[in-house]
Amino acid sequence: MLTIYGRHYENGEPVRIRVDGERIAAIDPAWPPRNSAAWPFVAPGLFDLQINGYGGTWFGKSGITPKEVLEVLKQHFRFGVTRLCPTLITNSFECLAGAFAAIRQACEQETWADHLAPGCHLEGPYISAEDGPRGAHPREHVRPPDWAEFERLQGISGGRIRLITLAPELPGAIELIRKAVESGVVVSIGHTAANGEQIAAAVDAGARLSTHLGNGAHGTIRRHPNYIWEQLGDPQLSASVIADGHHLPASVLRSIVRGKSSRNVILTCDAAGLAGCAPGVYVEGAMRMEVLEDGRIVVAGQRQFLAGSGAQTGRCVVEAVRRGGVSLREAIDMAGRNPARLLGLEEIRLRRGARADLFLFHTPDKGDALEIVATVAAGTLQFGTI
């Protein structure tokens, strides 16, 4: 039996949580609350739908091994993440197939990895080839939607692809959306230059999310209509946002949250494989990227187009509170319950019977991220001390 003392993330009240196996056995007020003001907050573990890697290793890199997958996955317990979607961006079929095979093997080898990575996110290769919407994805591997190819990748992954991001304006995209949704895969619109009719067609076919809304776009677009407004204004689409302080101005972040409501916005850090790396220029396949002194990761040689993020999910929680106009409870739910609900997975809550995916943290005084004290995944302490 594991016993945890902390302040409830919803209201700051001191609580005692008892964990038996993988589940919360009891949660009670912790009275008398001696020194409870100094206790860390306790909250459901974070769930990030879009993490590309860490420490110089990309989940989608050519030749990645199951051992490397496990090493990257385990790093994220340090950041309060108890579930994530390893994300593979646009690449050749051979490279994608090898990476999905490695992720599958890693999750079949280790139960903790299977819990931590309940599904994968395929971001591309069926995206716009235009500069801006394409982002940092390699142009040479951008291609039209191909359901037969997707089925092959899904088989190689062991059915682990739960989320796909694509551009709905491409020939065959609407048909692929319908088939993917029928197979149980969530479809997201992203890296697109679609018009309003094409976005509406994607929604009618079953698309449910906008991937990092406001990014993966042209540097200059028509004021209205445009593909950002079209997605922001569609009530059937939720939106993920990269709230790292670099990808979106505060006014845009607030507008998306207020337009969609906190229940329909998902926080993602979109951590690149270079997250955690020192400033400098790095090469990954056909991509040349640079980690800047201020933490941004960009396509090397310019400063406009970002190539993922160097931040972690906890920083996005902090930025959502500081710049997005939401409460701490709302921000944590945007980074935990909302993505779980989108994928049809268990929403972790602080209540009896819930899966014991928890993290303890202090809010920063002047820093830009949560100070993680401990992370518990499926009832097992994975990081820190309690």
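The model is predicted, so local features are given only where pLDDT is at least 70 and side-chain atom pairs only at pLDDT 80 or more, while totals for chains, interfaces and linings use all residues. Residues are numbered from 1 along each chain as its sequence is written, and side-chain values use heavy atoms, with hydrogens and water left out. The structure holds 20 salt bridges and two cavities of 30 Å³ or more.

**Salt bridges**

- Glu 108 and Arg 104 both belong to helix 2 (residues 93–109), where they stand four residues apart, about one turn of the helix; helices (H or I, at least four residues) and strands (E, at least two) are DSSP runs, numbered from the N terminus.
- Glu 108 is exposed, at 54% relative accessibility, and Arg 104 is partly exposed, at 31%, where buried means under 20% relative accessible area, exposed over 50% and partly exposed in between (1.4 Å probe, protein chains only).
- Asp 131 and Arg 139 also meet through their side chains in a salt bridge, at 2.7 Å from N to O, with Asp 131 partly exposed at 46% relative accessible area and Arg 139 partly exposed at 44%.
- Another salt bridge joins the side chains of Arg 315 and Asp 368, at 3.7 Å from N to O.
- Arg 315 lies in helix 9 (residues 313–324) and Asp 368 in the loop between strand 18 (358–362) and strand 19 (371–377), so this pair ties together parts that are 53 residues apart in sequence.
- Within that pair, Arg 315 is buried, with a relative accessible area of 16%, whereas Asp 368 is partly exposed, with 38%.

**Thr 165 and its surroundings**

- Thr 165 is part of strand 10 (residues 161–166) and is buried, with a relative accessible area of 0%.
- Apart from neighbours within four places in sequence, the residues in contact with Thr 165 include His 121, Ile 127, Ser 188 and Thr 211, contact meaning heavy atoms within 4.5 Å.
- The side chain of Thr 165 makes polar contacts with the side chains of His 121, at 2.8 Å, and of Thr 211, at 2.6 Å.
- A polar contact is a pair of N or O atoms within 3.5 Å; within protein, one must be able to donate a hydrogen and the other to accept it, and residues adjacent in sequence count only if both atoms are side-chain atoms.

**Cavities**

- A cavity is a set of points, on a 1 Å grid over the protein atoms alone, where a 1.4 Å probe fits but cannot get out, and its lining residues have an atom within 4 Å of a point.
- The largest cavity holds about 80 Å³ of space, a volume being the space filled by probe spheres set on the points, with grid points joined across faces, edges and corners.
- Among the 14 residues lining the largest cavity, Leu 213, Gly 214, Asn 215, Gly 216 and Gln 231 are the closest to its centre.
- Helix 7 (residues 227–232) gives the largest share of the lining of the largest cavity, three residues.
- The second largest cavity, of about 30 Å³, has a lining that includes His 121 and Thr 211.

Key
A salt bridge is a side-chain nitrogen of Lys or Arg within 4 Å of a carboxyl oxygen of Asp or Glu. On a 1 Å grid over the protein atoms alone, a cavity is a set of points where a 1.4 Å probe fits but cannot get out, and a pocket is an open set with protein on both sides within 12 Å along at least five of seven lines; lining residues have an atom within 4 Å of a point.
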